[in-house]
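Keep the viewer open and follow along.

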Amino acid sequence: MTNKVHILLVDDEASLREPLADYLIKQGYKVQQASDASVARSLLNAYDFDIILLDIMMPGEDGLSLCRFVTDKTDVPVIFISAKTEETERIIGLELGADDYITKPFSPRELVARIKVVLRRAEKGGAKQLGSSGGAYQFSGWTLQCDKRSLFDADGVNISLSTGEYQMLLALVSRAGKILNRDQLLDITQGREAHAFDRAVDNQISRLRRKIESDPKNPEIIKTVWGGGYVLAGEVKSL
């Protein structure tokens with residue numbers, strides 16, 4: 001598999017980026033290097049990548065902003081590689097749709113192992129593949145169109161969804177009436193388990209409620225089951 005995998009490595013620190021790129025190439029991967037987000041965007045326009053390794057702290061546009069762009073526009077998995085160890089930064093990155101997070105300094109062998117895990121998840125039809133085969137769901141006056149990964153209101157107006165929001169909504173809509181706890185939702189949407197104090201699911205749900213509920217503080221569509229998780233209430237029609 002590795003001889004087919006094309007990696008975009010984005011890090012402004014050449015002393016880390018270049019040796020890591022050499023190591024990955026020796027492991028059979030194809031690697032393009034970017035020293036900042038601007039170069040990365042140019043490479044994203046020029047090549048098809050299988051996975052992105054992305055630093056957070058860079059001059060100009062930071063990695064979080066670039067991750068948001070990538071996950072909104074593509075299905076390419078993202079692994080953050082960062083010196084930042086604060087839990088908040090890790091959670092923000094995962095909320096934006098990143099698939100994993102590794103802290104500098106790290107073992108290149110560990111990174112390769114994580115790359116393989118993330119790519120296996122994608123191949124098995126995990127978070128990045130949900131709804132890719134097409135079809136649509138209607139619920140509570142909304143239409144979720146899977147082939148376009150888009151949400152439309154009753155008047156046909158397209159409501160913007162991030163990749164993470166789309167994945168979370170699809171997980172709930174396609175399992176309407178079933179209570180899903182945080183671990184289940186993270187496994188379905190990101191292929192991982194919840195960490196201690198992980199608020200990724202709750203934050204995604206809050207953002208979805210602000211977009212689809214008439215009163216987000218008293219939700220009627222995505223309901224909280226105390227001690228259990230979340231459930232999409234009401235009738236859902238599969239189109």
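Predicted model: local features only at pLDDT ≥ 70, side-chain atom pairs only at ≥ 80, totals over all residues.

## Starting at Phe106

Leaving out neighbours within four places in sequence, phenylalanine 106 is in contact with Leu20, Ile81 and Leu111. You'll find phenylalanine 106 in the loop between E5 and helix H5 (108-123).

Is phenylalanine 106 buried or exposed? Its relative accessibility is 17%, and since the cut-off for buried is under 20%, phenylalanine 106 counts as buried.

## The parallel sheet

Now for the sheet. It's an open one built from five strands, ordered E2-E1-E3-E4-E5, with parallel pairing. Which strands stand at the edges? They are E2 (30-34) and E5 (100-103); each has a single partner strand, so one side of each is left without a neighbour in the sheet. On average, neighbouring strands are turned by 20° against each other, direction ignored.

E1 (residues 6-10) and E2 run parallel and are joined by five bridges. Isoleucine 7 has valine 31 as its bridge partner in E2, and valine 10 stands opposite alanine 34 in E2. E1 is also joined to E3 by four bridges, again running parallel, with leucine 9 partnered by leucine 53 in E3. Moving on to E3 and E4, three bridges join this parallel pair, and isoleucine 52 has valine 78 in E4 as its bridge partner.

Two helices to look at here are H1 and H2. Helix H1 (residues 14-26) lies across E1, E2, strand E3 (51-54) and strand E4 (78-82), and runs at about 170° to E2. Helix H2 (residues 37-46) packs on the sheet as well, touching E1, E2 and E3, with its direction making about 140° with that of E2.

## H2 against H3

Two packed helices are described by the angle between their axes and the distance between the axes. For H2 and helix H3 (residues 63-73), the axes come within 10 Å and cross at roughly 15°. Angles under 35 degrees count as roughly parallel, and H2 and H3 are therefore roughly parallel to each other. Their crossing is right-handed.

Which residues meet in this pair? H2 brings Ala37, Ala40, Arg41 and Leu44, and H3 brings Leu66, Phe69 and Val70. By class, the residues of this contact are six nonpolar, no polar and one charged.

## H6 against H8

Helix H6 (residues 163-173) and helix H8 (residues 200-212) have axes that come within 10 Å and cross at roughly 85°. That angle makes H6 roughly perpendicular to H8. On the H6 side the contact uses Gly164, Glu165, Met168, Leu169 and Leu172. On the H8 side it uses Val201, Gln204, Ile205, Arg207, Leu208, Lys211 and Ile212. The class breakdown for H6 with H8 is seven nonpolar, two polar and three charged residues.

## Pro219 in its loop

Last stop: proline 219, in the loop between H8 and strand E10 (222-225). Its relative accessible area is 19%, and proline 219 is buried.

What does proline 219 touch, not counting residues up to four places away in sequence? The answer is Arg209 and Glu213. Proline 219 and arginine 209 are ten residues apart in sequence, and 7.0 Å apart in space from C-alpha to C-alpha.

Notes. Residues numbered from 1 in each chain as written. Heavy atoms only, no water. Pairing = 2+ DSSP bridges. Axes fitted to C-alpha atoms, helices over the stretch in contact; angles between N-to-C directions. Contact = heavy atoms within 4.5 Å. Parallel < 35°, antiparallel > 145°, perpendicular 65-115°, else oblique. Left-handed = near helix turned anticlockwise from the far one by under 90°. Nonpolar A, V, L, I, M, F, W, Y, C, P; charged D, E, K, R; others polar. Buried < 20%, exposed > 50% of the residue type's maximum accessible area, 1.4 Å probe, protein only.
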